[in-house]
Every structure is written in C-alpha cells, then in structure tokens.
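Here's a quick briefing to read alongside the model on your screen.

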Amino acid sequence: MKIPFVDLHAQYLTIKQEIDGAIAEVIAESAYIRGRHVDAFEQAWANALGVKHCVSCANGTDAVYIALRGLHVKPGDEVIAPAHSWISTSETVTQAGGRVVFCDADEETFTIDPEDIQRKITPATVGIIPVHLYGQPADMDAIMAIAKRHNLWVIEDCGQAHLARYKGQYVGTFGTAATFSFYPGKNLGAYGDAGCVVTNDDRLADWITTFARHGGKGDHLMEGINSRMDGLQAAILNAKLPHLPAWTEARRYVAACYDELLDEVGDIITPKIGPGRDHVYHLYVIRTENRDALREYLTQAGVSTVLNYPKALPFYSAYAHFGHSPKDFPVACFNQSRILSLPIYPEMKKEMITHTVESIGSFFKQFQEPDGATLKVIQFASLADL
Ligand SMILES: *Cc1c(COP(=O)(O)O)cnc(C)c1O
C-alpha cells in the first residue's frame, strides 16, 4: 500500500464539477487577472474570519513582505520571528530592510516561545511575527501582551493555520495584520500560487493595496510591486472555501486517530496542544529519537513522510553570518533532529491511517527485547553534537 504525503488529486475528484465549472467561467469571461472572482474571494475570506479587509496577492511570502512594507520597516529595525519555521517569515524581514531576530520554540507546541520574545526585545525592536506553526495557534495572549507593553506591531503568519482558533477566536484577527498562503498543499489551497493579507486597519489596507498594485492606477502614488491573485486561483478558492470546515474536521479526525493509536508506541511524542488552541493540523508532527531510521523504514513500507523543517532557520547558510550556535535555540535544535511529519489530509482513508500506524508499530517492535517488555531506544546524538 502506498500512502502519499498529500493527495491533491483525490481532493479534486471529490469536487470536480465545482472546480471544472469555476475554471470554465473564468475562461469564458477572460477574467484572468483580478476581476469579479478575485473580489468575491477577498470578500468571502474576510467574512469567514470576521475581518474588515482581505487584500489578495500572488503568494504567502509576498503577503508577509507587503505587510512589512505597509508597517514601514526601516533599516536598523529589529523584527522578532521564530527560529523554527519556513523561511518566508524571516527572508521577507530582510527584504523589507529590517533585521530578523530569531526566538526559540516553546517546548510543547513548536510555536514561538513568549519568554524568549521578552528576552530578545531591544530599543530597536518594532514588531513580532508569530507563526501558527503546523496549524496550531501561537500563544496569542502572551504575545499580544508583550506587543502592547512595548508598543510593537504583530503580523500573524497564518500560512498553515486557516480557521485555527485561539480561545475561540480565529487566528489572523489578533495582530495588526495577518498573512495567508493558498499554496496548493495548504489547508485551503489554490491550483497555483496565491496569498493574502488581512487586517482591520483601514489605512494599512489602503496602503498595501496600492503598494501591491504598482503603487496605484492612474496616478502612481509610489513605486510598488506587482503582486496579484489571478482569476483562476480565486475562482478555485471560491469553490473550495465552503468545504474548508469539513476538511478541517477530517484532518482533526486523522490527528485524533494518530493521537490514540500512536500513544505509547516506542518513544514517540505525539503533538501537544497548548491551552485554548484549536489545531487545524496542516501537519501532524511527531518526535522520536529514532527519527531517521523510522523514516527510512516507513519509506520502505510505502509511507511518505516529510521533515518540516530539517534545520532551524539560524543554522542555514543564509543566516551563517549571525554566527548562532545550538545553545542559542535549544528547543528548536532538539526538535530539528527528532521531528517527523506523517501523512495527513482530509481524503485519507481509514486503512491508510491503519497502515501508517502499523508500520510505525512494527518498526519499534524490532527493538523490543524477546520478553516483550523493554524497548531499546537508539542512542541519539547529544545536543552538543548537533
Ligand atoms: C507556506 C507558508 C508561507 C509562504 O507561502 P507561499 O504561498 O508558498 O509563498 C509562509 N509562511 C508559512 C508559515 C508557510 O507555511
């Protein structure tokens, strides 16, 4: 049995008529760039979250960049971002002219550690970009309290957290602005690149709309960039949006099966949920000392897995100039060599979940003593060797 990591075609087949119809409409109208499908999606997504403005753009990375420009980051400004995330969160800070300051992850939830944020604040700090990593909200009460105390803006990077909630409130509605990616594999995914910024701030919405569209039509009020959502992507997102709550429930079901079936299997740590967080399981990330061997074993068993992400950002070549060492980010460092993302998507069938879990179980059985009792855990490199 082959278990792909995600299966976008399986999802397409469940809504083929709606998607085909939406695509045909765009082509019939030649509504390729912006146009009514884009307007409709901006409205629908703003309504879904309960925010005033949704400004669509070309992708989720542009969304972060556009939001940063809208908040007028200038050279010398320090922006706090998580050490363990996708690089969009930090590369855009540099592109906008700021200096990224990395913070470690919280031990339980993989999201940014508010205590480390507090430690990293200097007179040059202007803002914080929490990421709701893997689909679990960051600790927004703590983060917003720090932001308020130090007069900082907050951009929530919601690239993995469509419809996730913190204490009942949708992520993307806490900060000054929030960004979404609709990359095909995301919980709400287009059939190409797409993204948006959401905000309740009228002036910010106005500025970023102008900036992302060449600085305005007619009179160019400034030099901007060209970052647009195209009509096909918007029409596809409009067709998919009504299904998102059910797809989210389906992801939670897969996660609940994994939680239950992987409990006490080998040395696996299943995802921990922080208080008040509604996780939407963009990714289901386990931790084990036996990660690399398990991953190899699962590949042989036909189960695809991914490492999100194999290194914390400060340890990539792009950030070598910061000269960070593992002890600067002990949790991110601990996690990077132990995390493993298991297949999770709404169309996953029960037997696929079972096959994945059974394969993991038989991997760990290899290490069981003949009496069946104790488990020999493979000794892992200590923190110092990382
Ligand atoms: C996917 C993602 C992005 C970037 O989105 P793209 O649409 O691929 O540019 C940004 N941040 C996070 C956390 C993401 O997961």
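T92 sits in helix α5, where helices (H or I, at least four residues) and strands (E, at least two) are DSSP runs numbered from the N terminus. This is a predicted model, so local features need pLDDT of at least 70 and side-chain atom pairs count only at pLDDT 80 or more, while totals for chains, interfaces and linings use all residues. Residues are numbered from 1 along each chain as its sequence is written, and side-chain values use heavy atoms, with hydrogens and water left out.

**Around T92**
- T92 is buried, at a relative accessible area of 0%; buried means under 20%, with exposed over 50% and partly exposed in between (1.4 Å probe, protein chains only).
- Its side chain gets to within 2.7 Å of the backbone oxygen of S88.
- Skipping neighbours within four places in sequence, T92 touches T61, V64, Y65 and L68, where contact means heavy atoms within 4.5 Å.

**Around V126**
- V126 belongs to strand β4, residues 125–128.
- Again leaving out neighbours within four places in sequence, V126 is in contact with D77, E78, V79, L152 and W153.
- V126 and E260 are 134 residues apart along the chain, and their C-alpha atoms are separated by 42 Å.

**Two domains**
- The chain splits into domain 1 (8–242) and domain 2 (244–385), with bounds from an automatic or database domain assignment.
- The contact between them draws 48 residues from domain 1 and 36 residues from domain 2.
- The C-alpha centres of the two domains lie 26 Å apart.

**What the domains share**
- Together they bury about 3,700 Å², 60% of it on carbon and sulfur atoms; buried area is the accessible area (1.4 Å probe) that two parts lose on being put together, summed over both.
- On the domain 1 side, H84, Y134 and N187 lose the most area to domain 2, together 20% of what that side buries.
- There is 1 salt bridge between the domains, meaning a side-chain nitrogen of Lys or Arg within 4 Å of a carboxyl oxygen of Asp or Glu.
- The side chains of R165 and D278 form a salt bridge at 3.5 Å, N to O.
- For the domain 1 side that touches domain 2, α1 (8–14), α5 (88–95), β3 (99–103) and β6 (165–166) each bring at least two residues.
- The largest share of that side, 4 residues, comes from β3.

Notes. Polar contact = N/O pair within 3.5 Å; in protein donor to acceptor, adjacent residues only side chain to side chain.
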